Amino acid sequence: MAPTKTILRALAGETLPTPPIWMMRQAGRYLPEYKATRAQAGDFLSLCYNPDLAAEVTLQPIRRYGFDAAILFADILLLPQALGADLWFVTGEGPRLSTVQIQADFDKLGPVEDIHETLNPIYETVRILRRELPAETTLIGFAGAPWTVATYMIAGQGTPDQAPAHALRQENTALFEALLARITAGTIDYLAAQIEAGAEVVKIFDSWAGSLKGEAFQKYALEPAREITAALKARYPHIPVIGFPREAGDNYIGFAKATGVDCVALDNSVSAAWAAQHVQVDGCVQGNLASSHMVTGGQALVDDTRAIVKALSKGPHIFNLGHGITPDADPDNVQRMIDTVRAG
Ligand code: CP3
């Protein structure tokens, strides 16, 4: 049966008169209602593992703006935690994890089969959302790509250049590849469980794909995305997969064909015209408005939004930002972006 929800139609390759729209990090600190629910939960991780409150914050941007898709409220770092890493968040700084740098660290991680013990509340959030979302809204599940998740597990925190992960991959390739294989297997099971619970689309976030060059990109960004997509497609052929190899540059070309993903999410370092010519030829694309417009607003926001819609109007397109909205964004600018897209 052909899909009726706009996001699913675009993912199936249909060119719609108005692109459907959602926004990375649409549930987040720029919204006062998010901050209130997060305060109620206590802290960020307690919010992620509380199905009622996680569902509530997922629904907030749908109620306020009527986005065409909701993205499950969770985090890419819950999987490492489920695999046995310690995880905590330092206010104002970001995530911290126990590190994996030597074989003994790796040996402390648990088996993939055990992840669901930790992640069960996330699947419950998905089930609540499928009951409560409006009929026209698509539910997107997600996970981090193995490389991006590994960069946090190896360094124990976010790093500007992913240097600790690059060092491990060069100095102890066997350990690095064992870690990537464990994360890949865990990601397949985690996304499959989200689909079983009701996720209608899944997205793989490779936020740090851009720091892999040449053969390393093929081996550690493209190949894991292909493996995860193939495993999911074998079990769930009708569930679309979105790939996001952020800052991949020329490696965006051919990424959908090589991995089997149904849609490629674009950051804002590539132009929409270039993406139309080189990426959209293979199917649906998503993106690529600079998230800084959500802070600065004004005519530039309207102009860039219109330019992206126009440049990508001849093929399947889902409107989105090039990266997550930031806490200093103005909620009124989000409304302006949506109005501009929907005015055509
Ligand atoms: O998009 C959504 O609304 C769904 C939920 C979602 C979150 N994180 C919630 C979150 C998604 C899809 C993510 C993905 C994620 N998490 C990525 C990949 C996408 C990207 O942004 O590149 C990465 C690298 C992470 C890891 C992570 N989580 C970091 C580095 C941080 C700290 C930075 C920050 O913004 O504070 C987080 C925390 C986080 N994840 C927040 C949210 C709403 C902020 C936490 C808070 O409320 O204090």
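Among contacts between residues at least 6 apart in sequence, 73% join residues that are at least 24 apart. The model is a predicted one, and its chain contains 16 helices and nine strands. With a radius of gyration of 19 Å, close to the 20 Å that the globule rule gives for 344 residues, the chain is as compact as a globular protein of that length.

**Overall dimensions and surface**

- Taken along the principal axes, the box filled by the C-alpha atoms of the chain is roughly 55 × 45 × 40 Å.
- Of the 344 residues, 57% count as buried, while the accessible surface of the chain comes to about 13700 Å², with 50% of that area belonging to carbon and sulfur atoms.

**Charges and salt bridges in total**

- Side chains of opposite charge can pair when their charged atoms come close.
- The structure holds 14 salt bridges, and a network of such bridges links Lys 5, Arg 130 and Glu 200.

- Lys 219 and Glu 177 meet through their side chains in a salt bridge, with an N to O distance of 3.9 Å. This pair links distant parts of the chain, since Lys 219 belongs to helix H11 (residues 214-235) and Glu 177 to helix H10 (residues 173-197), 42 residues apart.
- Lys 219 has a relative accessible area of 39% and is partly exposed, and Glu 177, at 32% relative accessibility, also counts as partly exposed.
- Lys 233 forms a salt bridge with Asp 262, in which the closest N and O atoms are 2.7 Å apart. Lys 233 lies in helix H11 and Asp 262 in the loop between helix H12 (255-259) and strand S7 (263-265), so the bridge ties together parts that are 29 residues apart in sequence.
- Lys 233 counts as partly exposed at 22% relative accessibility, as does Asp 262 at 24%.

- Lys 257 forms a salt bridge with Asp 282, the closest N and O atoms being 3.4 Å apart. Here too distant parts of the chain are linked, with Lys 257 in helix H12 and Asp 282 in the loop between helix H13 (272-278) and strand S8 (284-289), 25 residues apart.
- Lys 257 counts as exposed at 67% relative accessibility, whereas Asp 282, with a relative accessible area of 30%, is partly exposed.

Methods
Residues are numbered from 1 along each chain as its sequence is written. This is a predicted model: local features need pLDDT of at least 70, side-chain atom pairs count only at pLDDT 80 or more; totals for chains, interfaces and linings use all residues. Side-chain values use heavy atoms; hydrogens and water are left out. A salt bridge is a side-chain nitrogen of Lys or Arg within 4 Å of a carboxyl oxygen of Asp or Glu. Helices (H or I, at least four residues) and strands (E, at least two) are DSSP runs, numbered from the N terminus. Buried means under 20% relative accessible area, exposed over 50%, partly exposed in between (1.4 Å probe, protein chains only). The radius of gyration is taken over C-alpha atoms; the globule rule is 2.2 Å times the number of residues to the power 0.38. Contact means heavy atoms within 4.5 Å. Accessible areas come from the Shrake-Rupley method with a 1.4 Å probe; for residues, only the protein chains shown count as cover.
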